[in-house]
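I opened this model to look up its disulfides, its sheets and its nonpolar cores. My notes follow in that order.

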Amino acid sequence: FAINITYIPDIIPPSITIISPLNQTYSTSSIDFNLSLNENVSSCLFSLDGTANVSMTINSSLTGASYLKTGLSTGSHSVIFYCNDTANNLNSSSVTFTVDNTPPLITINSPANTTYSTSSIFFDISLDETGDSCKLTLNNWLTNYTMNKNTNTNFNYTNNSIVDGSYTTKFSCNDSLNNVNNTLQLTFSIDTTPPLITVTSPENKN
């Protein structure tokens, strides 16, 4: 009897599809690294920013790998993924992404920490990055006012009816990734009432 055996060697490496992270900016320091493969793999690893390789968890179907990466610093990152199939063919794929979990820095241009003799106050602030929206309050957020977006980094608002008194104005701004800064505040006063004058001398007499 003659038995013919055809053997086709596997020399093709697995195709790696990076599901996460993508080439975009994230507002979190924890990102789930997730891969999809077109065939069964025996192992997958990654190197973040040139550091030592880290092993990933292979799923039950052997066609996917994941790893929850925590503690990512703000800034740009580059990650390279390496995967071996069951025939030990190696392939790699890389992606660059950015982490921005820092809220915008707010600078108060107006008002100042002083007393004004007018009931009309111009509120003006600047941000150190592109802002999405800003608002302010004069009564600890019982009510708030949406500020006008003058430019991507400048917001203002005019209140024409502030009654006499002392006020602590608080600002809240979020950037395009919804990182929020609501810690900045400033105290000012309004005094539009003239002083009451009492004439003690001379008296109304000859």
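This is a predicted model: local features need pLDDT of at least 70, side-chain atom pairs count only at pLDDT 80 or more; totals for chains, interfaces and linings use all residues.

**Disulfides**

I began with the cysteines: Cys44 and Cys83 form a disulfide, with their sulfur atoms 2.1 Å apart. The cut-off for a disulfide is a pair of cysteine sulfur atoms within 2.5 Å. Residues are numbered from 1 along each chain as its sequence is written, and side-chain values use heavy atoms, with hydrogens and water left out.

I looked up the torsion about the S-S bond of Cys44 and Cys83; it is about 115°, so this disulfide is right-handed. The pair links distant parts of the chain, with Cys44 in strand β4 and Cys83 in strand β8, 39 residues apart. Strands here are DSSP runs (E, at least two residues), numbered from the N terminus. Both Cys44 and Cys83 are buried, meaning under 20% relative accessible area with a 1.4 Å probe, protein chains only.

How many disulfides does a search of the whole structure find? It finds 2. I located the other: Cys134 is joined to Cys173, S to S 2.1 Å. Its torsion about the S-S bond is about 120°, so the disulfide of Cys134 and Cys173 is right-handed. Cys134 lies in strand β13 (residues 131–137) and Cys173 in strand β17 (residues 165–175), so the pair ties together parts that are 39 residues apart in sequence. Both Cys134 and Cys173 are buried. With the bonded cysteines numbered in sequence order, I read the pairing as 1-2, 3-4.

**Sheets**

I traced an open sheet of 4 strands in the order β1-β3-β7-β6, with antiparallel pairing. Two strands pair if DSSP finds at least two bridges between them. β1 and β6 stand at the edges with a single partner strand each, so one side of each has no neighbour in the sheet.

Inside this sheet, β3 and strand β7 (residues 64–69) run antiparallel and are joined by 6 bridges. Ser36 stands opposite Gly64 in β7. Strand β6 (residues 57–58) is antiparallel to β7, with 2 bridges. Thr57 has Ser66 in β7 as its bridge partner. The hairpin of β6 and β7 has 5 residues between the strands, and Leu62 takes a positive phi near 65° there.

I then followed an open sheet of 4 strands in the order β10-β12-β16-β15, again with antiparallel pairing. Its edges are β10 (106–110) and β15 (148–151), each with a single partner strand, so one side of each is left without a neighbour in the sheet. β15 and strand β16 (residues 154–159) run antiparallel through 3 bridges. Lys149 has Phe155 in β16 as its bridge partner.

**Cores**

Which residues touch the most other members of the largest nonpolar core? I found Phe33, Leu35, Cys44, Met56, Val79, Phe81 and Phe97, out of 20 residues. A nonpolar core is a set of buried Ala, Val, Leu, Ile, Met, Phe, Trp, Tyr and Cys residues joined through side-chain atoms within 4.5 Å. β1 (16–20), β3 (31–37), β4 (41–48), β8 (75–85) and β9 (90–99) each supply at least two residues of this core. Another core lies apart from it, with 18 residues, among them Met147, Tyr167, Cys173 and Phe188.

Key:
Buried means under 20% relative accessible area, exposed over 50%, partly exposed in between (1.4 Å probe, protein chains only).
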